[in-house]
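This report looks at a metal site, its salt bridges and a set of paired strands. Please have the sequence and the model open while reading.

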Amino acid sequence: MGFVIAAPDQPSLAVAGGDGRFPVRRIYCVGRNYADHAREMGADPVREPPFFFMKPADAVMPDGADIPYPPGTANLHHEVELVAAIGATGRDVAVEKALDLVWGYGVGNDLTRRDLQGQAKAKGHPWDVGKGFDHSAPVSPLRPVTEIGHPATGAIALSVNGTLRQQGDLGDMIWSVAEIIAHLSRLFVLQPGDLIFTGTPAGVGAVVAGDVIEASIAGVGRLRNRVV
Ligand code: MN
């Protein structure tokens, strides 16, 4: 029995230093997970439970890819984030066991149509059109936990055309990767292939066609994309 239309390609990411690829199933994202970014977005960075939104799996874009400037926006923003790649199934996972689910890590850019997100916030509408658009999830090649362990501190930064825009430290996350996984696993069964974008530090801002975005996380990797 075949499919009645051509089956879509399986979205996937490269693995640093290897030929194998990591298949992407779902992309979860955490909102407001660094106090300085919560403040710049006009929110109070209290330790309220983390909240989540999603991007489609086929929004992933590789390192080096040109990112088409998306339609419907005049304010496309960058957000550098640590991305955790899930390699095992988990539901109702305890914080102490949560990191056992992580296969590896990458550097992500949670591209955002900020104007559309702002309109949605103002109206109490879903964030999907502001966050979950085509090409909205560039991610660097992943590095396995067997090589780099679980980065809990270290510089996270993003520059545009060589000018530093975002600079923070993984240790400044309000919710740790383990805590995020524990929370998320009470809402969804986490499965191999899931990605979790873990939030961005302050300094988000607009990019336009022609800009080169370079993101990095110490010990994890680098991600470079041009907006076209
Ligand atoms: Mn984000």
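## Salt bridges and the metal site

K55 and D110 join their side chains in a salt bridge at 2.8 Å, N to O. K55 sits in strand β4 (residues 52-55) and D110 in the loop between β9 and β10, so the pair ties together parts that are 55 residues apart in sequence. Both K55 and D110 are buried. Buried means under 20% relative accessible area, exposed over 50%, and partly exposed in between, with a 1.4 Å probe and protein chains only. A salt bridge here is a side-chain nitrogen of Lys or Arg within 4 Å of a carboxyl oxygen of Asp or Glu. Helices (H or I, at least four residues) and strands (E, at least two) are DSSP runs, numbered from the N terminus.

This is a predicted model, in which local features need pLDDT of at least 70 and side-chain atom pairs count only at pLDDT 80 or more, while totals for chains, interfaces and linings use all residues. Residues are numbered from 1 along each chain as its sequence is written, and side-chain values use heavy atoms, with hydrogens and water left out.

By the salt-bridge rule the count comes to 8. K55, E79, D110, R114 and K131 are linked in a network of salt bridges.

| Pair | N to O distance | Sequence separation |
|---|---|---|
| K55 and D110 | 2.8 Å | 55 residues |
| D194 and R25 | 3.0 Å | 169 residues |
| R226 and D66 | 3.2 Å | 160 residues |

D194 lies in the loop between α6 (177-184) and β15 (195-197), and R25 in the loop between β2 (21-23) and β3 (27-30). D194 is buried at 0% relative accessible area. R25 is partly exposed at 32%. R226 is partly exposed at 38%. D66 is partly exposed too, at 35%.

Which residues coordinate the manganese ion? E79 (OE), E81 (OE) and D110 (OD) do, at 2.0 to 2.1 Å. Along the chain these donors follow the spacing E-x1-E-x28-D. E81 in strand β8 (residues 80-86) and D110 in the loop between β9 (102-109) and β10 (112-113) are 29 residues apart. Donors are N, O and S atoms within 2.8 Å of the metal (3.2 Å for Na, K and Ca); water is not among the atoms, so sites may look incomplete. E81 is buried at 1% relative accessibility. D110 is buried at 0%.

## Strands β13, β14 and β17

5 of the 6 residues of strand β13 (residues 155-160) are buried, so this strand is largely enclosed by the rest of the structure. β13 pairs with β14 (residues 163-169) in the antiparallel sense over 6 bridges. β13 also runs antiparallel to β17 (residues 212-217), joined by 5 bridges. Two strands pair if DSSP finds at least two bridges between them. S159 has L164 as its bridge partner in β14, and stands opposite E214 in β17. The hairpin of β13 and β14 has 2 residues between the strands, and N161 takes a positive phi near 50° there.

Q166 is found in β14. Q166 is buried, at 0% relative accessibility. The Q166 side chain makes a polar contact with that of T200 at 2.7 Å. A polar contact is a pair of N or O atoms within 3.5 Å; within protein, one must be able to donate a hydrogen and the other to accept it, and residues adjacent in sequence count only if both atoms are side-chain atoms.
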